[in-house]
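Please keep the sequence and the model at hand while reading.

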Amino acid sequence: MVCPEWNQVNKDDYRGIWVYVEHFNGKISEGSLQLIGKAKELAAKLGVDVTAIMVGKDLDKLLMEPIYYGADKVIYVDDDRLSVYLPHLYAASVVELANKYKPEIILFAATKRGRELAPYVANTLRSGITADCTALDVDPKTRDLDQVRPTYGGNILAHIRTPTRRPQLASVRPNVFPTPPRDESRKGELVKEKLSKLPEPRGRYLGSKSITEEDESGLPPVEKSDIVVVAGKGVNGVEGVKLLTDLAKLLGGTIGGTKKVTDAGWLPTSRQIGQTGRTVRPALYIGMGVSGAIQHVFGMNESKIIVAVNSDPNAPIFNYVDYGVVGDYKQVTEALLELLRERKKQ
Ligand SMILES: Cc1cc2nc3c(=O)[nH]c(=O)nc-3n(C[C@H](O)[C@H](O)[C@H](O)COP(=O)(O)OP(=O)(O)OC[C@H]3O[C@@H](n4cnc5c(N)ncnc54)[C@H](O)[C@@H]3O)c2cc1C
């Protein structure tokens, strides 16, 4: 179905894959770099380049980074009016560039800003957006992007296509794809663009204060750690979570939880792993009292080694583990703590 209000597009006018590269406090978001890796795979199937799009102020130091991670080109706008992130100005910038260069695909990291910006851009370009994809592929014949995302509570995977519109836009949560290796010997083109019709700011920026939830563990965020110990409802309360936090500390990792645990307030929501939480791909995931509901599994099944302790031998989590223990999480955790403390003493 084509909306009669929208002009027809000629798909052949659109070529190339763009990744909107987000930066914050002088640092590029990991999720954007991961998309560059995926975009390269898709670009090879379509025979096109990967272009990173950067918008902001004082970008000089960051401009080569997307190229080191695999982009062929960076198109950027460095403008005083973009010194502060304001969604309608940033979106207008991306839209102006897209109207000029006509990419066939634009990918966004589904960070807080990406989730705001991507639909803004899609709507202005009169195209669709598939948010929170868990897989992406392309059909080299039709050049349609296969945008895969869980739906109906995670019970099915929807394959969404945008056969009549261009560009095709999708967002992907950080850590769904691995970060490609950084290679400083890579060369690429930097293209500076000036914007003609940036809209007037609709408000005055008064400064920002980051909103952080209280997190007493002092441990790194779940997406940033190579070892994640995860508390499920089976740990039965904050005492259980505390025990697992001690284990995470001794292992040099961090603590996460299922939705039931964060809903109960035993951990902050920033530590929830799963479809509506964070995606992790650590070297080691240890689930304690986690049943293994599909919505949780979506956020952890790319972990390299999965270990679970559950008192129910039929718990679905055992379908995903490398090592499974049928037993009481408390007994196992206490034994592990003792072992690790002994080792530390030696
Ligand atoms: C739209 C939607 C989105 C969702 N998003 C997420 C999400 O992002 N993340 C997420 O985690 N969930 C999510 N959920 C919820 C999900 O469906 C499950 O309800 C949730 O993951 C279950 O959490 P749990 O494993 O901690 O609890 P339960 O399913 O209650 O499992 C507890 C487990 O602990 C075991 N157990 C009990 N006592 C012990 C013991 N002493 N020792 C060892 N094991 C014990 C039990 O056998 C059981 O398997 C979502 C649901 C919906 C509908």
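Which side chains meet in a salt bridge at 3.1 Å, N to O, with Glu 41 as one partner? The partner of Glu 41 is Lys 38, where a salt bridge is a side-chain nitrogen of Lys or Arg within 4 Å of a carboxyl oxygen of Asp or Glu. The model is predicted, with local features needing pLDDT of at least 70 and side-chain atom pairs counting only at pLDDT 80 or more, while totals for chains, interfaces and linings use all residues. Residues are numbered from 1 along each chain as its sequence is written, and side-chain values use heavy atoms, with hydrogens and water left out.

Glu 41 and Lys 38 both belong to helix H1 (residues 30-46), 3 residues apart, about one turn of the helix. Lys 38 is buried at 12% relative accessible area, whereas Glu 41 is partly exposed at 48%; buried means under 20%, exposed over 50%, and partly exposed in between (1.4 Å probe, protein chains only).

By this rule there are 19 salt bridges, among them the following.

| Salt bridge | N to O distance |
|---|---|
| Glu 41 and Lys 38 | 3.1 Å |
| Lys 57 and Asp 58 | 3.1 Å |
| Glu 104 and Arg 143 | 2.8 Å |

Glu 104 lies in the loop between H3 and strand E6 (105-109), and Arg 143 in the loop between strand E8 (135-138) and strand E9 (145-151), so this pair ties together parts 39 residues apart in sequence. Both Glu 104 and Arg 143 are buried.

Helix H3 (residues 87-101) packs against helix H4 (residues 112-124) at an angle of about 50°, with the axes 9 Å apart.

Methods
Axes fitted to C-alpha atoms, helices over the stretch in contact; angles between N-to-C directions. Helix = DSSP H or I, 4+ residues; strand = E, 2+ residues; numbered from the N terminus.
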